[in-house]
Amino acid sequence: MSRLFLAFACFFGVLFGKKLPSGALALLPATTPPAPTVPAPARPAPAPVKDARPEPARDDRPRVSTAQHHRDGALALLALLQREGRLIDFLQEPLDGFSDADIGAAARDVHRGCRKVLEQHLSLEPVMPGAEEARVAVPKGFDPAEIRLIGEARGEPPFRGTLRHHGWRVVDARLPALADGVDRAVIAPAEVEL
Amino acid sequence: MTTLGIDLGTTNSALAAADEAMPAHAVPIAQVIGPGEVAERPTLPSFLLLPGELEVPAAQLQLPWSGPMRYAVGEFARERGAELPHRLVASAKSWLCNPAIDRTAQVLPFRGAQRELERDMADGERVSPVNASARYLAHLRAAWDDAHPDEPASEQDVLVTVPASFDPVARELTAVAAREAGFDRVTLLEEPQAAFYAYLAARGDAWRRELAPGDVVLVCDIGGGTTDFSLIEIADDAGNLVVERIAVGDHILLGGDNMDLALAALVGRDLGRPLDALQQRALVHTCRRAKELLLGGAAPDVLPIAILGRGSRLIGGTLKAEVRRAQAEALLIDGFFPEVEAGARAAQRRAGGLRELGLPYAHDPAVTRHLAEFVARFGRMPSHVLFNGGVMKGPALAARVVGQLRAWAGRDVRVLAGADPDLAVALGAAHYGQVRRGHGIRIRGGTARAYYVGIESAMPAIPGFAPPIKALCVAPQGLEEGSTVELPDDELGLVVGEPQVFRFFAAAARPDGAGPVTGEAGALVDADADGMVELDPVEKLVAADADHAAGQLVPIRLEAHVTEVGTLELWCVARDGRGRWKLEYSVRERA
C-alpha cells in the first residue's frame, strides 16, 4: 500500500517537476540516472597502446634510454606530419599579410595530409559518446583523467551536466617502428635539386 | 594449412591468407614508409628503389627483419623514387611481358634508347624485370614470415596471380621470380579468375541465385596502368552449375594513371606558372583524388585545387586552380570512355617509322573501343559484369561501361557486387587455394590459348621466297594443369650439336568457331592466319653424348605439358626412347 502511494507520488513528482520523495530514491538502484544519459565509457581502463617497435629480446645491441625513445617517437610523428601535410612549414610561416582565402587554400591540403597521417596510424574515438551541448550524466566511479569536470561539483556522483567536448581517445596506435642509427632531429631534410 | 594469395600488380601488390578456420582475409604488409620508419600498409606499392649511399643511407632502409639495406620496395621507394627517377624501377610487370627486351637482362631502371649508349658509364645497380618482381615477392615473404614465424611462407601453398593475357614466357618468368623469392610451393592463377573467386567467396551460396546457365560474365579489370577483359561462362553440367573461362583479351597498357595525367594537364594550364618536377607530381596526386571525388557519388560542382609552395614558404607559394565537374566528366568519361557503336575498333599505331624502345603503351585511349573490339572478337555478349581494379570504384565510369554493354546487347546487363577492388585479386587467390583442396566451385579454364610451333614446309628453294611456315598445334586451348599432350609422330628431327630454334605462335579460339583454332593437337594451320600471334621462339641445343653423335639427326615427337605451377613446357622426345629434351623459352631481344 505504501509502495503504491509512493509510485503515485513519483509519477506526479516527475510530471510536475517536483523533487522525488526521499523514500523513492532509496528504492531506486543507486546508479539509475534520473535524466537521459549516456552509458559509462565503454572502456573503463585505457586500452594498452600498441608499441610497434621490435621486441627488446630480438635486439642485443645496447639500448638507448627510454627518454631517448620517447623523444624519437615524438620527433618521428612530427616528421610524418611534415612529410604528408607540411605541418611544420604551415606553423612556422607568419600569417600576416595573407588573405583568409590564401590561407584557406593551403590549409585544405595541410588538413588533408595531416588527417591521412592520423587515419593511417591512429584509431580515434570520443571518450564520451553523445552529442555535444546535450545533458549527460557523469556516473559514479568515473575516472577524472577521462572526464574533466568544469565548475563546482556538489555532493557525490552521479553528476548531471552539459557535454562541452566529447574528448578523444586513441584506441590503437600503429606508429612506425623506428630504425636505429637515424637522426630523428632532422624532421625535414634540406632539398637540393641537381 | 594456410594458403597465401599474392596479387603481384603493376603498381600495387597485395597479400591475403586463408585457412580452414578463417576465410580469405587481407594481410597488411610492413614496409619502409619514411627514412628509418617502418609501418604496415594494406598494399605494397610495386616500386623498387636502388639508391646510392649519398642519396639514401642504408640505415634508413632497414626493416625489422633485416640489417641496413641497399634497396627498398613499397611506399618509401615510390615516394623517394619520384625524386630519384634514375634509381626507380616501376611497372616491372609490364616489362616482364614485353618481348622487345631481354627480360632476364639487367635493364631496369630503364634509361631509354639514348641513355642506353651510356650504359657502361652509368653507375648504380640495375636489375632484370624478373629480379625486380622477385624482390617484391621476397619482401612479401619476409613480411609474412616476420609476422607469422610459426607458418613460414615457404611451407605454405602460394597462389601468385598473373594477367590472363600473359604468354607462356611471362608465366614462366613469374614462376622463376617466385622461386627466386623463396616460395617453394607456387601455383599461378589468372587475375580475372581470382577476381571471380573473390566474388564467389564474398557472396557465399547466393551466387547460385544471381547467375544461371547461359550467363556470360565480363570481368572488367582496369587498374592504374593496365586494362584486361575476360569472359566467364556459367553452364549446366548434369544439373550442377559449372563456371568456365571462355575468352581472354589482350593486355592493354592503359589505365587510371593515364586519366590522372590528362586531368593534370588540364589543371596545369590554369595554374599560371610552370611547375617543377615535384610540383608536377603533387599535381598528378591531387588530380587522382579530384578524379575520384568528381566521378564519385555526390560530386561537388567545383573542386578547388591547390599546389603548395615548394620551399618552406607554404602559403606564399601556393598555386590555385579549380576543376568543374562538367570539365572532368567531358575529359575523363567522354575522353576515355566515349559512347561507341558495337562495331567500333581501337585505333592501332601505324607500323613503320622509328620508335623509342620502351613499353608498348596503348595507342587508343578509349577503353570502350577496346571493349567493343574484345566483345566483337569473341562473339559473345556478356549478361553480367564484374568490375575490378581501382579505377572502377568511380560509379560514373562503371555506369558508362554498363550503359555501353546494354546498348550493344540490346538487353539488361547486371553488375555483380564483388570484393574491394584493390584487394579482390589477392583475396580470390587465397580463397582459390582453399577451393583447390576440394571445397567450393572451381573455374574451368586451362591454357588461355592454343599454342603452335612453326614448321617449315618442305619445298624446292625459290630465290627471294622464304619457304611458307605452317603452324603445328602442340597444346590445344583449355589444357588443364598437370595434363600432358603427346603429338602423333611427325617427320620432325633434332640435329645434335646445333642450336634448334622453333618459331612459336598462339591463337585464341572464338566461341563462334571462326579463326584459326581447330582445338586438336597435331593440327596444321597457316602461321599467318588471322588471329595468330607470334611469341618468343623456343630453342634447344642438344649436346652430343654417348647415344648421339654431333650432326646426327634424331627423329623426335613433341610433347606439351602444363605443369602443376601453371606454366607450359614443350618437350622433344626421341622416338627411339633414348633422350628427352625440354625446349627453353628464348627471352633474348628480338631483332
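The model is predicted. In chain B, two helix pairs, H4(B) with H5(B) and H8(B) with H10(B), are described together with the helix H6(B) and the residue B:Val453 in strand S20. Chain A has five helices and five strands.

**Chain A**

- From the N terminus on, the five helices and five strands of chain A follow the order α-α-α-α-α-β-β-β-β-β.
- Chain A has 194 residues, of which 12% are buried.
- Among the contacts in chain A with a separation of 6 or more, 73% are made by residues 24 or more positions apart.

**Contact between chains A and B**

- Chain B gives 21 residues to the contact, and chain A gives 26 residues.
- On the side of chain B that touches chain A, the elements that give two or more residues are strand S4 (29-34), strand S5 (37-41) and strand S15 (302-307).
- S5(B) provides the largest share of that side, four residues.
- By class, the residues on the side of chain B that touches chain A are 11 nonpolar, six polar and four charged.

**Helix pair H4(B) and H5(B)**

- Two packed helices are described by the angle between their axes and the distance between the axes.
- Helix H4 of chain B spans residues 129-147 and helix H5 of chain B spans residues 168-180; they pack at an angle of about 50°, and their axes are 8 Å apart.
- H4(B) and H5(B) are therefore oblique to each other.
- The crossing in which H4(B) passes H5(B) is right-handed.
- H4(B) contributes B:Val130, B:Ser133, B:Ala134 and B:Leu137 to the contact, while H5(B) contributes B:Leu173, B:Thr174, B:Val176, B:Ala177, B:Ala178 and B:Glu180.
- The contact of H4(B) with H5(B) comprises seven nonpolar residues, two polar residues and one charged residue.

**Helix pair H8(B) and H10(B)**

- Helix H8 (residues 256-270) and helix H10 (residues 325-336) of chain B cross at roughly 140°, and their axes come within 11 Å.
- H8(B) passes H10(B) in a crossing that is right-handed.
- From H8(B), B:Met259, B:Ala262, B:Leu263 and B:Leu266 meet B:Gln327, B:Ala328, B:Leu331, B:Leu332, B:Gly335 and B:Phe336 of H10(B).
- Eight nonpolar and two polar residues, with no charged residues, form the contact of H8(B) with H10(B).

**Helix H6(B)**

- Helix H6 of chain B (residues 191-203) has 13 residues, and the distance from its first C-alpha to its last is 18 Å, close to the 18 Å expected at 1.5 Å a residue.
- H6(B) is largely enclosed by the rest of the structure, because 12 of its 13 residues are buried.
- The buried residues of H6(B) include B:Glu191, B:Pro192, B:Gln193, B:Phe196, B:Tyr197, B:Tyr199 and B:Leu200.
- After H6(B) comes B:Gly204, which has a positive phi near 65°.

**Residue B:Val453**

- B:Val453 lies in strand S20 of chain B, which covers residues 450-456.
- B:Val453 is buried, since 24 other C-beta atoms lie within 10 Å.
- Apart from its neighbours within four places in sequence, B:Val453 is in contact with B:Leu472, B:Val474, B:Phe502, B:Arg503, B:Phe504, B:Val538 and B:Leu558.
- B:Val453 and B:Glu180 are 273 residues apart along the chain, and their C-alpha atoms are separated by 29 Å.
- B:Glu180 is also one of the residues of H5(B) in the contact with H4(B).

Conventions. Residues numbered from 1 in each chain as written. Chains lettered and ligands numbered in written order. Predicted model: local features only at pLDDT ≥ 70, side-chain atom pairs only at ≥ 80, totals over all residues. Axes fitted to C-alpha atoms, helices over the stretch in contact; angles between N-to-C directions. Parallel < 35°, antiparallel > 145°, perpendicular 65-115°, else oblique. Left-handed = near helix turned anticlockwise from the far one by under 90°. Contact = placed C-beta atoms within 7 Å. Nonpolar A, V, L, I, M, F, W, Y, C, P; charged D, E, K, R; others polar. Expected span 1.5 Å × (residues − 1). Buried ≥ 20, exposed ≤ 12 C-beta atoms within 10 Å, placed from the backbone.
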